[in-house]
Amino acid sequence: MTVTAAPKQFWVPTPPGWVEIAAFDIDARAEAHWRDMIEPAREHLGDGPTDHLYVGLREARAAVAGTGVTSAGVVLTEVDDKPAVWTFSTTIEHVPSGEVNPVALVERAVGTAGTVERVEDITLVDGRTAVQAFLTLTPQTRLGRAHGSTAPRPATGTPPVERLGCCVVAVALPGRPHDLVLVTGSSPDTEHRPLLAHVVSAIAAGVHVGAEPPEGVAKASGVLPVDGPTQS
């Protein structure tokens, strides 16, 4: 009997409480997932913020459509006993040949979307070297709209935030030096960036192509299989 090998998938780590935005083929599946994740929190959040969150998720899904974002999600958390909404996105950039320059990738990906304030090398939990950048996004750009849509919105109908504090980590996929993972995390509070950096680096470290979920950080936090670069 011939045993068929399990197909390879692209796995993105998802922190606890992750509300996925992009990794659905149709809107109906996204809406069903949002209801399952958000409705249990309605009593805690209140009707107004909860209803706005649905609007923001729809806007964010529309903003990332056709952009190459493989997975995007929102995490509702607390910082210093105050509610916080963090938004994340993951893209894959293929560099066909030549020297791989993650710094140039970060600058190209976000240079037109915001202000890059600091770029540095970091070491991920598995020992790989990655590039980390801290930047500020504005909601006038596509990336800013996607990351800012779920932020609390004033009643005047103005943009939800004037700027977003962001952290971006770029690293090559394991065994695929020319497939670079770019993970972005954002918060309406720029002071959250050091905390965001821990989550963003953990997501980047766990992104994986294979038949099985990755070990380590991704396995501990849960993973989401989505479409992506699955060539051998």
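The secondary structure of the protein chain consists of seven helices and 10 strands. The model is a predicted one. The chain has 232 residues, of which 47% count as buried. Its accessible surface amounts to about 11,600 Å², and carbon and sulfur atoms contribute 53% of that area. Among contacts in the chain with a separation of 6 or more, 67% are accounted for by residues 24 or more positions apart.

Packing between helices was examined for α1 and α3. Helix α1 spans residues 27-38 and helix α3 spans residues 47-64; the two pack with their axes 11 Å apart and at an angle of about 150 degrees. The crossing of α1 past α3 is right-handed. On the α1 side, the contact is made by D27, A30, E31, W34, R35 and I38. The α3 side supplies T50, L53, Y54, L57, R58 and R61. Sorted by class, this contact comprises six nonpolar residues, five charged residues and one polar residue.

Aromatic rings were considered next. A pair of aromatic rings is described by the distance of the centres and the angle of the planes. The count in this model comes to one aromatic pair. The pair is formed by W18 and F88, whose ring centres lie 5.7 Å apart and whose planes meet at 25 degrees. Because planes under 30 degrees apart count as stacked, the pair of W18 and F88 is assigned to that class. The two residues come from distant parts of the chain, 70 residues apart: W18 is in the loop between β1 (9-13) and β2 (19-20), whereas F88 is in strand β4. W18 has a relative accessible area of 7% and is therefore buried, the limit for this class being under 20%. F88 is also buried, with a relative accessible area of 2%.

From its place in strand β4, F88 has its C-alpha atom 7.1 Å from that of V183, although the two residues are 95 positions apart along the chain. The C-alpha atoms of V168 and F88 are separated by 9.6 Å, and the residues are 80 apart along the chain. V168 is buried, its relative accessible area being 0%.

Phi of D80 is near 55 degrees, a positive value in a residue that is not glycine. D81 likewise is not a glycine, and its phi is positive at about 65 degrees. Residues over 50% relative accessible area count as exposed. D80, at 70% relative accessibility, is therefore exposed. D81 is exposed too, because its relative accessible area is 71%.

Terms used. Residues numbered from 1 in each chain as written. Predicted model: local features only at pLDDT ≥ 70, side-chain atom pairs only at ≥ 80, totals over all residues. Heavy atoms only, no water. Helix = DSSP H or I, 4+ residues; strand = E, 2+ residues; numbered from the N terminus. Buried < 20%, exposed > 50% of the residue type's maximum accessible area, 1.4 Å probe, protein only. Contact = heavy atoms within 4.5 Å. Areas by Shrake-Rupley, 256 points an atom, 1.4 Å probe, with all protein chains shown as cover. Axes fitted to C-alpha atoms, helices over the stretch in contact; angles between N-to-C directions. Left-handed = near helix turned anticlockwise from the far one by under 90°. Nonpolar A, V, L, I, M, F, W, Y, C, P; charged D, E, K, R; others polar. Phe/Tyr/Trp six-rings, centres within 6.5 Å; stacked < 30°, edge-to-face > 60°.
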